There are 2 protein chains.
Amino acid sequence: MVTREQVREALRGVMDPELKRNLVELGMVRQVDLTGRQVQVTLALTTLACPLKDRIVGDARQAVLALDGVEQMEVRLTEMSVEEKERLRPKEPASGAAADLNDIRHVIAVMSGKGGVGKSLVSALLANALRRAGKRVGLLDADITGPSIPKMYFPHGAQPGATPTAMLPAMSRTGIGVMSINLLLESQDQAVVWRGPLIGRAIQQFWGDVLWGSLDYLIVDLPPGTSDASLTVMQSLPLSGVVLVTSPQDLAGMVVRKAAQMAGLLRVPILGLIENMSYYLCPDTGKLHEVFGPSHAQETAEAIGVPLLGKLPIDPEIAKLSDTGRIEEFGGEAFTSVAERLAAVALPGRPPAVMPA
Amino acid sequence: MVTREQVREALRGVMDPELKRNLVELGMVRQVDLTGRQVQVTLALTTLACPLKDRIVGDARQAVLALDGVEQMEVRLTEMSVEEKERLRPKEPASGAAADLNDIRHVIAVMSGKGGVGKSLVSALLANALRRAGKRVGLLDADITGPSIPKMYFPHGAQPGATPTAMLPAMSRTGIGVMSINLLLESQDQAVVWRGPLIGRAIQQFWGDVLWGSLDYLIVDLPPGTSDASLTVMQSLPLSGVVLVTSPQDLAGMVVRKAAQMAGLLRVPILGLIENMSYYLCPDTGKLHEVFGPSHAQETAEAIGVPLLGKLPIDPEIAKLSDTGRIEEFGGEAFTSVAERLAAVALPGRPPAVMPA
């Protein structure tokens, strides 16, 4: 028969991957119950939202089941008190520590150069489409001075969690992890009046100090412009590629071509182009109105040398769902095929992405 | 009777305000013709586009007419050759030298925080309205990474002139002086991949190294965000105030409130709020469609504590004129009253601008 001491001894062999100390030493093993050949262990995690939870539980089970005389092993989870957690916080947390714990397969940035063309919307629709396809998805809002993502996903606001060494993304209803400066501000109207170096550092922290866990896709919503934020993302994050967003105006096309040129300069592949606000379908007459003028999407895509992934109409429903934190409910038909094509270019195993000429 | 030598001697007393040397010494006095009591002088300027032209001619006339025996004085103007001009260029031009020569009465920045809401359009319509009212107007495009202004004014591109110490704004058809990074790039699609400090320096040069001359109004079109460009403009330019631009989405309102907070922090008065893309009038049915959702302009204006200057509809004509460099031809009715109200708040003698609470 196995003893409590043997179980505790076995758990001394299990490391918390974040805190780099064993579960017993960390005070995580709260209770060990034995019923014949069955073991029940209660573990106190620093936070139940920890993306490393499954890994810790799996390691603990494996260690205990390896003991002679153990046939079943059940793990119950509880959370440490704020004080207990505080005690585990390293005095000088290493910056970027979370990055080593993250396992992110594809990082895709959504970019335009131009503002207000719908980068955040495309980012959200892409994240939603990938999530619906069963993927593990994160959404990093790299727009530090004009963050739009939280309002689209959290009707009542949200607060990111924290482990002793890292921030945790806020979880959307469908399970998309979201990190944005607006989740960290006291009021969402608060201005972030920072010069470029601070903007860049904030984005790097969203990458290196956020425990995203295991993700199939991390979607990065870039701000307008080809300055600090875009540079930081393109230089410091291991991007699989960028998706470009434009709107019908030739003016927007010009600025998007600048963004494409930047991606080329920094050798980041462009996955494709999406035109947003291409047209408005009059609900009364069913007629299509090009309210921002005729489309230039095809010629812009050709000028850049990338596939045109699709054109999205203006849909008042979008504004409503975005403003009320319900963007995950959107399923407009015109968007579905574009989102699918987008998800397709963002999926592995497809032909290599096109580099701008 | 006056002699040629006397005329030249008188012109030795006239200084070029930019080059700080007299006209004779600078080699500007090309020919002096005498016919009785009439004097005709040919002056070679560094550039005929020089905004200081009238001042130089006036000073020269005054000096010569003060001579005994001169009753009439005519000045003919010509331009120096590139080589002559080059010789006059100071070896180390003092940065910001043009600022001392400029006489600008009101500097108004158009800001939003959010991208794509129509800052450039509002900047242009404001400049056009002021110009139509007979004012001397300049337009400084402070959006270095996504400059929209030149495309709206110059169908075939434009090149800014230069004096030996300063850049000259490009002149629009109605006489608005325009300066933008896109006037200085080899190709308008060229990306400006600069970090914040360079962005800030470019904007400061557009203020201090551009010879705007005498202006009633300089309109500054800001990029989205509350980072480097906005900070530089608010900290280094003597702003009379800012005009805020929003769009119907609540999301946009949130980002505009951030911009308002920034203006408050930096103690720049807010002149008022304009909502762009408020609605679309169906040309078939005449019905008003709120394609980006219901307006939040009134509540945003109240939250910030500034007057709502008006709501602008979506008008396909705008996109067409903007894309073809003909924005000065636009006279849509819905815009006229807003532009007039805008011009009114931007005019001197009105009640003090409202500061955000």
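Me: Where in chain A does A:M277 lie?
Reply: This is a predicted model, and the place of A:M277 can be given by the strands on either side of it. A:M277 belongs to chain A and sits in the loop between β10 (270-275) and β11 (280-281).

Me: Is A:M277 buried or exposed?
Reply: The phi of A:M277 is near 60°, a positive value in a residue other than glycine. Most residues other than glycine have a negative phi. A residue counts as buried if 20 or more other C-beta atoms lie within 10 Å of its own, and because A:M277 has 30 C-beta neighbours inside 10 Å, it is buried.

Me: Is A:K20 buried or exposed?
Reply: A:K20, a residue other than glycine, also has a positive phi, near 55°, and it lies in the loop between α1 (4-11) and β1 (29-35) of chain A. Because A:K20 has 11 of them, it is exposed.

Me: Which element gives the largest share of the side of chain A that touches chain B?
Reply: In the contact between the chains, 52 residues of chain A meet 52 residues of chain B. The elements that give two or more residues to this side of chain A are α7 (196-208), α8 (228-236), α9 (250-265) and α11 (316-323), and by class the side has 22 nonpolar, 17 polar and 13 charged residues. The largest share, 10 residues, comes from α9(A).

Me: What relation holds between chain A and chain B?
Reply: Chain A is superposed on chain B, with an RMSD of 0.1 Å, by a rotation of 180° with 0.0 Å of shift along its axis. As for where they meet, 100% of the interface residues of chain A are also interface residues in chain B, so the copies meet through the same surface. The rotation of 180° with 0.0 Å of shift is the relation of a two-fold axis.

Me: How many residues has the largest nonpolar core?
Reply: The residues with the most contacts inside this core are A:L126, A:V220, B:L126 and B:V220. Leaving aside residues up to four places away in sequence, A:V220 touches several others, among them A:V107, A:I108, A:L140 and A:V233. A second, separate core of 22 residues includes B:V14, B:L43, B:L45 and B:A60, whereas the largest nonpolar core has 191 residues.

How values were computed:
Residues are numbered from 1 along each chain as its sequence is written. Chains are lettered from A and ligands numbered from 1 in the order in which they are written. This is a predicted model: local features need pLDDT of at least 70, side-chain atom pairs count only at pLDDT 80 or more; totals for chains, interfaces and linings use all residues. Two residues are in contact if their C-beta atoms, placed from the backbone, lie within 7 Å. Helices (H or I, at least four residues) and strands (E, at least two) are DSSP runs, numbered from the N terminus. Ala, Val, Leu, Ile, Met, Phe, Trp, Tyr, Cys and Pro count as nonpolar, Asp, Glu, Lys and Arg as charged, and the others, Gly among them, as polar. A residue is buried if 20 or more other C-beta atoms lie within 10 Å of its own, exposed if 12 or fewer, and partly exposed in between; C-beta atoms are placed from the backbone. A nonpolar core is a set of buried Ala, Val, Leu, Ile, Met, Phe, Trp, Tyr and Cys residues joined through C-beta atoms within 7 Å. Copies are superposed by least squares on the C-alpha atoms of residues with pLDDT of at least 70 in both.
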